[in-house]
Amino acid sequence: MSTSQADLVLRNGRIYTVNGNGDWAEAMAVKDGKIVAIGSESVISGYTEGAEVIDLDGKMVMPGIVDVHNHHFIAGASDLFELRFLPSLSYEEVLEKVRERAAQTEPGGWIIGGSWGSNFADRLNSLEAKKALDDAAGGRPVLLRDDTYHNRWVNTAALAAAGITRDTADPEQGEILRDPETGEATGVLLETAAAFVERAADEAQPLTPEQQREAASSAMATLNSFGVTAFLDAACMEYMMAALKGLDDRDEMTCWAGACLPATEPGFIFGKVGKELIAVKEQYRGKHVFPDFIKIFLDGVPPARTAAFVEPYVPDTIHGCCFCGATKMTVPELVRWVGDAEKEGMGVKIHCAGDAAVLQALDAFEVVRSFNGPTEIKHHVAHASFIREEDIMRFAELGVVADLCPIIWYPTPILEATKAALGEERAERFWPNKKLDEAGALMASGSDWPVAPQPDPWDGIEGMITRENPSGAYPGQSLWKEQALGLEKVLEIYTINAAKAMRIDEFTGSLESGKFADFIVLDRNLFETPEKDLADTRVLKTFFKGRKVFERT
Amino acid sequence: MTSSQISPDRSIPVTVLTGFLGSGKTTVLNRLLSRPGLDGTVAIINEFGEIGLDHLLIEKSEESFALLDNGCVCCTIRGDLSQTLVDLKTRFAAGELKALDRIVIETTGLADPAPILHTLMADDTLIGRFHIDGVVVTVDAVNGAGTLTNHAESAKQVAVADRLLVTKADLADTDAINALIRGVRAHNGTAPIRMVSNGEVGPEDIFELGLFDAAGKSPDVERWLHEAAAGAHDHDHGQSKGHGHDHGHAPEGAHAGGHAHAQEGGIRSYSAIIDDPVDWAAFSHWLELVAAMRGDDMLRFKGIVRVSDHPERPIVVHGVQHVFHPPQMLEQWPSDDHRTKLVFIVRDIPAETIETTLAKFARIEAPRLRPAAEDGRHLSRVNA
């Protein structure tokens with residue numbers, strides 16, 4: 001602690017404060033990690049002595065991005081230890097990636113990675129494809145996740161390691177796809193069926209505690225590089241919290257980290273869940289680590305027809321004519337979880353991909369509000385994207401957060417796969433962001449990384465404004481253009497609103513005196529950038545509590 | 001939950017006798033078991049030595065089983081309660097027991113009676129074979145008021161009682177007894193209270209308190225509500241009237257100190273009468289929600305419900321905390337009064353919460369709760 005008035009002073013900048021009044025500042029002074037002065041150049045005059053002074057040279061500064069929905073650890077571990085490829089890769093390109101990886105992997109070693117595009121599940125669902133994967137891997141076990149993270153493509157050795165034979169029954173809420181003639185598993189595993197092979201891989205190649213800390217640390221470094229300074233892990237197991245707490249104890253955190261403790265085992269990560277996990281949460285609470293949420297997986301995803309809808313899916317041979325999907329809990333079961341969570345002071349984040357799941361989650365929240373009255377606790381509907389018109393108002397009425405993720409509010413392969421499942425008209429009533437905003441809902445942004453290949457907020461920010469694919473894919477197409485939002489609103493969704501959703505807005509999420517100096521320096525002024533270039537925004541520097549944790553070189 | 005009908009002929013009534021340490025429970029049991037004509041009664045007790053029945057023992061066939069000279073059989077628990085009960089049925093079927101008409105279970109003084117009641121209501125091996133006849137709770141006229149104030153276990157025992165026996169009434173003065181009754185009423189506004197001197201009780205004080213009377217017709221709720229009125233009239237003279245309906249935000253006015261103090265524990269009784277028929281699906285959904293949200297605090301709930309699908313055949317509901325007895329449909333109404341009646345004994349649940357959630361989720365129009373002990377003769381009526 002120095003005796004000077006400030007440790008760090010920023011001047012000559014375009015500082016967008018997100019303070020609720022649309023205010024801009026030119027300069028800011030930081031002491032002991034907190035903002036002590038912000039405003040025009042004159043406000044920092046008494047602070048420069050003894051402080052590091054940064055001339056921003058007119059660059060735009062804004063609060064650090066808050067990501068209310070990611071799987072930081074899985075992504076970090078995947079980046080460090082697994083095979084990563086983009087879901088836009090073709091079938092042949094995926095096989096080539098596996099072939100390259102196999103060459104660097106010892107015989108018998110697992111090849112784990114992703115993500116393949118969920119739109120070519122049909123292509124993978126055959127014995128020929130499985131044989132091709134066997135050959136590419138040289139017989140090594142392979143486990144490849146799709147871009148929704150709910151489904152897997154595995155090969156013969158992986159099926160054998162997991163003990164899956166043609167006699168293995170489908171698990172509840174999951175399916176082992178099979179060759180229609182022989183009944184042999186093709187290697188495509190839907191939803192909970194993924195757990196068989198995930199568990200086998202996890203047991204065969206567990207990470208050491210040091211590797212686990214590396215995974216969390218690497219994830220935060222990636223997040224910082226995109227401008228993120230706070231995140232909420234949407235399914236945080238005990239070893240993930242331990243990794244974060246381990247880093248916090250070493251003073252190596254570069255983000256605020258919230259944790260959602262899964263109520264039930266998600267199927268791709270393993271260990272204590274529910275009450276057992278809640279019972280140990282306090283030992284992982286740290287200065288920067290908050291285990292204050294519970295996660296419930298209420299349904300699956302639309303392309304795999306595992307999401308729960310009020311109206312039926314388009315008929316197909318497997319599900320017949322009137323299949324709506326199903327939720328995994330009843331309203332009274334949800335009510336019990338949410339009621340118990342409130343007794344612990346915890347919020348609940350409920351995965352709801354279909355409108356029936358959203359409806360059921362809102363019903364449960366309404367019951368809890370009726371019994372418990374108003375609360376400061378924030379509950380989240382995750383992936384709030386297919387919502388019945390009459391339920392949109394209820395987000396605001398019940399104070400429920402609309403967690404917007406993954407970043408697919410524009411044409412993507414997932415939208416195409418969703419059209420096949422729901423029909424074009426319904427599939428395009430996707431992400432009613434404008435309606436939610438008009439209804440007064442608290443909307444908060446997430447990435448769902450690694451479901452999104454990168455936790456890239458700039459892609460999401462452009463997409464929320466244009467409703468077109470920022471990469472240039474699907475040219476000339478947009479998704480429900482009327483639901484576009486303006487930049488000011490979108491930046492709130494990515495900063496202060498997300499901080500409110502995590503209940504950390506008292507000390508971060510905007511640039512105001514008294515709050516921590518969690519901010520980013522950008523390569524451009526977003527308000528002077530054409531909409532279609534917003535995704536190209538690069539973060540030059542990221543500061544967490546006044547300390548530089550990322551600088552672009 | 002589905003409505004089911006259980007023949008009272010086949011199901012054996014079980015009385016749970018509880019009471020705080022030193023409240024005279026064992027004396028009551030000793031006097032009861034010394035009465036003639038208890039053939040067919042089985043008492044499940046903690047230990048033989050404790051109740052001093054040696055002089056009555058005819059035959060102690062094995063460590064945990066004994067026959068008394070009045071025909072009563074005493075046994076101690078082996079394994080768990082449900083196993084012990086199932087074992088009695090087996091012995092009866094095998095002819096080892098001549099008769100098995102009713103059972104009384106003595107609990108330890110510190111026991112929370114709720115788990116025993118849950119076992120009796122919800123254990124698959126017991127449903128349809130045994131049912132709760134009643135919960136009888138002893139409170140001590142000399143020390144009871146203090147015990148109630150200082151021990152949460154005692155307060156909970158009183159709250160779940162169907163009948164309260166005030167013991168050692170001969171040893172306490174009128175003021176002490178009145179103070180105790182006020183304290184008891186604060187926790188349980190409806191259970192009939194009987195004064196007991198020298199442990200003298202008869203079977204009529206203990207048995208046939210349950211959902212069905214001996215004739216299998218009169219649900220206890222009727223009697224409960226009736227007694228609530230009488231009880232309030234007899235014992236609550238000090239209570240203020242006409243202050244309207246209480247929303248549970250503050251202790252009711254004009255009570256004696258002991259009463260007010262008990263109120264701080266937050267245990268209250270409420271009742272409601274509903275004129276219009278009730279949508280059973282919505283009502284049972286509401287029961288599930290209450291169990292999920294406030295199960296721990298719904299100490300006792302009873303009701304007789306007029307359902308819209310079959311208004312001539314009421315459904316009897318009965319719950320202890322988050323466990324509800326399978327609802328039972330009666331052949332007919334036990335009296336001319338065919339209105340839905342609900343009684344709640346709750347801890348820290350405002351009446352308003354019950355009212356708003358009943359309206360919202362059970363779709364009952366403007367339900368109004370009254371403190372059950374306030375004045376049962378003026379139980380609220382919807383649209384009145």
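1. In β15(A), N70(A) has D233(A) as its bridge partner. The strand that pairs with β15(A) here is β8 (residues 65-70) of chain A, in the parallel sense and over four bridges. For the terms: strands are DSSP runs (E, at least two residues), numbered from the N terminus, and two strands pair if DSSP finds at least two bridges between them.

2. A word on the model before going on. This is a predicted model, where local features need pLDDT of at least 70 and side-chain atom pairs count only at pLDDT 80 or more, while totals for chains, interfaces and linings use all residues. Residues are numbered from 1 along each chain as its sequence is written, chains are lettered from A and ligands numbered from 1 in the order in which they are written, and side-chain values use heavy atoms, with hydrogens and water left out.

3. Back to β15(A): strand β16 (residues 256-262) of chain A also pairs with β15(A), in the parallel sense over four bridges. Across that pairing, A230(A) stands opposite W256(A). Six of the six residues of β15 (residues 228-233) of chain A are buried, so the strand is largely enclosed by the rest of the structure. Buried here is under 20% relative accessible area (1.4 Å probe, protein chains only).

4. Chain A also has an open sheet of six strands, ordered β9-β10-β11-β12-β14-β13, with mixed pairing. β9 (83-84) and β13 (174-178) of chain A are at the edges with a single partner strand each, so one side of each has no neighbour in the sheet. β13(A) pairs with β14 (residues 185-191) of chain A in the antiparallel sense, over four bridges; R178(A) is opposite A185(A) there.

5. Now the interface. Chain B gives 15 residues to the contact and chain A twelve, contact being heavy atoms within 4.5 Å. About 1,200 Å² is buried between the two chains, 69% of it from carbon and sulfur atoms; buried area is the accessible area (1.4 Å probe) lost on putting two parts together, summed over both. L289(B), A292(B) and M293(B) supply 46% of what chain B buries against chain A, more than any other three residues.

6. There is one salt bridge between chain B and chain A: E366(A) with K360(B), closest N and O atoms 3.1 Å apart. The cut-off is a side-chain nitrogen of Lys or Arg within 4 Å of a carboxyl oxygen of Asp or Glu. On the chain B side, α10 (280-294) and α11 (351-361) are the elements that give two or more residues, helices being DSSP runs (H or I, at least four residues). The largest share, nine residues, comes from α10(B).

Conventions:
Buried < 20%, exposed > 50% of the residue type's maximum accessible area, 1.4 Å probe, protein only.
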